[in-house]
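This report follows the aromatic contacts and the nonpolar core of the structure shown below, and then turns to one of its helices.

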Amino acid sequence: MPTMEQIYHMFFEEKQRRKGIKELTQKSYRSRMNNIFQFFSRKRGIDTIRHRDLDLFEKWLVEQRNDKGEPRFCRNYRNKHLTLVFDLVSFAVKKDYLQAMPLVALELSYESNKPPQYLLPQQRERLLTVEAPSLVKARDIAQFLMYTGFSWIDYTNLKNEHLMDDKCWRVQR
């Protein structure tokens, strides 16, 4: 019987083959799997996962804290972990490693999306006219983000190969 880790690698390879997975999504999957492996053993057989394990795993995720003592995972992120475990078990059934689905359907609730926050024109103007030497780089980055429409995560993942022209900011996504 394959382990959770083996099923994960087969699942991930098939998902990659079917529709391709961007680098950022791959990081997210790896992060979730590391948390899953921290709770479940990498070597745990996929055939031993039961619904009670998901309850215990969710409780464990709720109890995790960051350095400031704040919850490490929001409800939506916890749900992504639980869904991934469910998907791995479903994948094992689909590949005939399991004869029947040992888990019942997940009933997950999600936090509502927060509305995006925008800078008002006066706030943008103030930000662009900052002259403090210690904030020049931050001002330039903010200006780049405002005019390109990039998010902070887009900016932090930007690499030289994304730049199409050395003379101006033309970015290929």
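F57 and W60 both belong to helix 3, where they are three residues apart, about one turn of the helix. In this predicted model, both F57 and W60 are buried, and W60 counts as buried because its relative accessibility is 16%, where the limit is under 20%. The ring centres of F57 and W60 are 6.0 Å apart and the planes stand at 15°, so the pair is stacked, given that planes under 30 degrees apart count as such.

## Other aromatic contacts

The structure holds 12 aromatic pairs. One of them joins F39 and W60, whose rings are tilted, with 5.7 Å from centre to centre and 45° between the planes. This pair links distant parts of the chain, since F39 lies in helix 2 and W60 in helix 3, 21 residues apart. Whereas W60 is buried at 16% relative accessibility, F39 has a relative accessible area of 28% and is therefore partly exposed.

Elsewhere, Y8, F12, Y29 and F37 form one aromatic cluster. Y29 also has a charged neighbour, R32, which lies over the face of the Y29 ring at 5.0 Å from the ring centre.

## The largest nonpolar core

The largest nonpolar core has 28 residues, and those with the most contacts inside it are M4, I36, I46, I49, F57 and L88. The elements that give two or more residues to this core are helix 1 (4-19), helix 2 (23-39), helix 3 (51-63) and helix 4 (75-94). Helix 4 supplies the largest share, eight residues.

What does L88 touch, once residues up to four places away in sequence are not counted? Its contacts are then M4, I7, Y8, F11, M33 and I46; of these, M4 and I46 are also listed with L88 among the residues with the most contacts inside the core.

The length of helix 1 agrees with expectation, because its 16 residues at 1.5 Å a residue should span 22 Å and its end C-alpha atoms are 22 Å apart. Helix 1 is followed by G20, whose phi is positive, near 70°.

How values were computed
Residues numbered from 1 in each chain as written. Predicted model: local features only at pLDDT ≥ 70, side-chain atom pairs only at ≥ 80, totals over all residues. Heavy atoms only, no water. Core = buried A, V, L, I, M, F, W, Y, C linked by side-chain atoms within 4.5 Å. Buried < 20%, exposed > 50% of the residue type's maximum accessible area, 1.4 Å probe, protein only. Helix = DSSP H or I, 4+ residues; strand = E, 2+ residues; numbered from the N terminus. Contact = heavy atoms within 4.5 Å. Expected span 1.5 Å × (residues − 1). Phe/Tyr/Trp six-rings, centres within 6.5 Å; stacked < 30°, edge-to-face > 60°. Lys NZ or Arg CZ within 6 Å of the ring centre and 35° of its normal.
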